[in-house]
Amino acid sequence: MKYPWPTGASGEEVAKPLDGVALAAEIKADLKTRVDALKECGIEPGLGTLLVGEDAASQIYVGAKHKDCAEVGLSSLDVRLPADSTQEEVEAAIDQLNSDPACTAYIVQLPVPKHLDTQKLLERMAPAKDADGLHPFNLGLLVEDIDGTSNAPKPCTPRGIIELLTANGIELKGARVCVVGRGLTVGRPISLMLTNRKVGATAVLCHTGTMDLAAELRSADVIIGAAGVPGLITPEYVKPGAVVIDVGVARRDGKIAGDAAEGVEQVASWLSPNPGGVGPMTRAMLLTNVVEIAERQ
């Protein structure tokens with residue numbers, strides 16, 4: 001689908017921004033109404049977070065999630081453990097959240113300290129309380145969800161990306177989408193979600209080891225950068241008029257840097273940059289997962 005490009009002050013064509021902030025605000029307003037309805041039925045939904053260590057970015061992110069909960073009327077449980085906590089101590093905290101009736105669903109904030117086994121922690125979670133959709137059982141349901149009708153919680157960033165694209169009228173059915181990055185939180189799950197019958201896109205999952213990545217990018221109608229390599233997606237790799245979603249996270253000179261290089265906005269028709277793009281949608285989808293779990297109860 002083609003879109004008219006806006007022009008900047010210099011007269012040059014620039015990509016239209018995909019506004020995750022505005023859409024997330026609309027979603028949260030709807031969620032507040034749904035939470036109020038649940039409370040009228042005697043159901044008090046709550047989100048739990050488990051943060052191990054003192055990673056500055058994780059602390060900011062967890063704090064934002066609890067602020068979001070307050071906005072929509074969700075209760076929240078903030079569990080924090082020191083960075084030197086043992087695997088057994090963290091698993092005990094997970095067990096407590098699994099059994100706490102005040103916790104509808106929860107997340108283990110990633111990354112955890114390197115001495116901990118992340119996969120074992122995720123497997124310890126009760127699948128029915130998996131607010132991030134990253135438990136192996138829920139990822140398995142995602143694999144078999146060919147029709148796109150499963151009620152299993154979906155990974156938040158992939159769900160937020162698809163919501164952001166469709167809300168802006170960007171047609172995904174039949175579109176060629178190049179996903180760069182094979183990580184568990186974005187690349188692998190979004191490839192599955194894009195190719196179910198409900199969405200209907202053709203997804204090509206690439207990574208930093210892909211031979212002729214440039215050719216794959218140039219053939220894409222939509223590019224999703226999730227490799228965490230600053231500047232990996234350069235303007236000459238983007239087909240004119242393509243849509244670019246940047247969720248790659250790395251640090252350059254102490255600041256967050258995305259996968260899209262400077263100048264991509266002069267080629268793309270739509271752009272969701274990082275920082276400043278999908279982040280609010282990820283948090284909105286987390287709240288949505290919690291509310292949906294409570295509604296199914």
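Modeller: A residue is called buried under 20% relative accessible area, exposed over 50%, and partly exposed in between, with a 1.4 Å probe and protein chains only. The model is predicted, with local features needing pLDDT of at least 70 and side-chain atom pairs counting only at pLDDT 80 or more, while totals for chains, interfaces and linings use all residues. Residues are numbered from 1 along each chain as its sequence is written, and side-chain values use heavy atoms, with hydrogens and water left out.

Colleague: What is Leu165 in contact with, leaving aside its neighbours within four places in sequence?

Modeller: Contact here is heavy atoms within 4.5 Å. With those sequence neighbours set aside, the partners of Leu165 are Leu18, Ile170, Leu172, Val222, Val243 and Ile245.

Colleague: How far apart are the end C-alpha atoms of α9?

Modeller: The expected span of a helix is 1.5 Å times one less than its number of residues. For the 18 residues of α9 this rule gives 26 Å, and the model agrees, because the distance between the end C-alpha atoms is also 26 Å.

Colleague: What covers the buried residues of α9?

Modeller: The buried residues of α9 include Met281, Ala284, Met285, Leu286, Leu287, Val290, Val291, Ile293 and Ala294, with Thr282, Thr288 and Asn289 also among them. The elements that cover these residues include α1 (20–40), β2, α2, β4 and α6.

Colleague: Within what arc do the buried residues of α3 fall?

Modeller: In α3, the buried residues are Gln87, Val90, Glu91, Ala93, Ile94 and Leu97, whereas Glu88, Gln96 and Ser99 are exposed on the other side of the helix. Their cover includes β2 (46–52), β3 (75–81), β4 (105–108) and α4 (118–124). The arc is that of the directions from the helix axis to the C-beta atoms. Seen down the axis of α3, the buried residues line one face of the helix, because they fall within an arc of 155°.

Colleague: Is Ser85 buried or exposed?

Modeller: Ser85 is found in the loop between β3 and α3, where its contacts, apart from neighbours within four places in sequence, are Val52, Val90, His115 and Leu116. Its relative accessible area is 2%, so Ser85 is buried.

Colleague: What is the relative accessible area of Ala83?

Modeller: Ala83 is found in the loop between β3 and α3, and it touches Val52, Gly53, Pro113 and His115, not counting residues up to four places away in sequence. Ala83 is partly exposed, because its relative accessible area is 38%.

Colleague: Which element gives the largest share of the lining of the largest pocket?

Modeller: On a 1 Å grid over the protein atoms alone, a pocket is an open set of points where a 1.4 Å probe fits, with protein on both sides within 12 Å along at least five of seven lines, and lining residues have an atom within 4 Å of a point. The largest pocket is lined by 43 residues, of which Tyr61, Gln109, Leu110, Thr157 and Val249 lie nearest its centre. Two or more lining residues come from each of α2 (56–72), β4, α6 (156–167), β9 (250–252) and α9. The largest share is six residues, and it comes from α2.

Colleague: Which peptide bond is cis?

Modeller: The proline concerned, Pro111, lies in the loop between β4 and α4. With omega near 0°, the cis bond is the one from Leu110 to Pro111.

Colleague: What is phi of Asp212 near?

Modeller: Asp212 sits in the loop between β6 (202–206) and α8 (213–218), and it is exposed because its relative accessible area is 54%. Its phi is positive, in a residue other than glycine, and lies near 55°.

Key. Helices (H or I, at least four residues) and strands (E, at least two) are DSSP runs, numbered from the N terminus.
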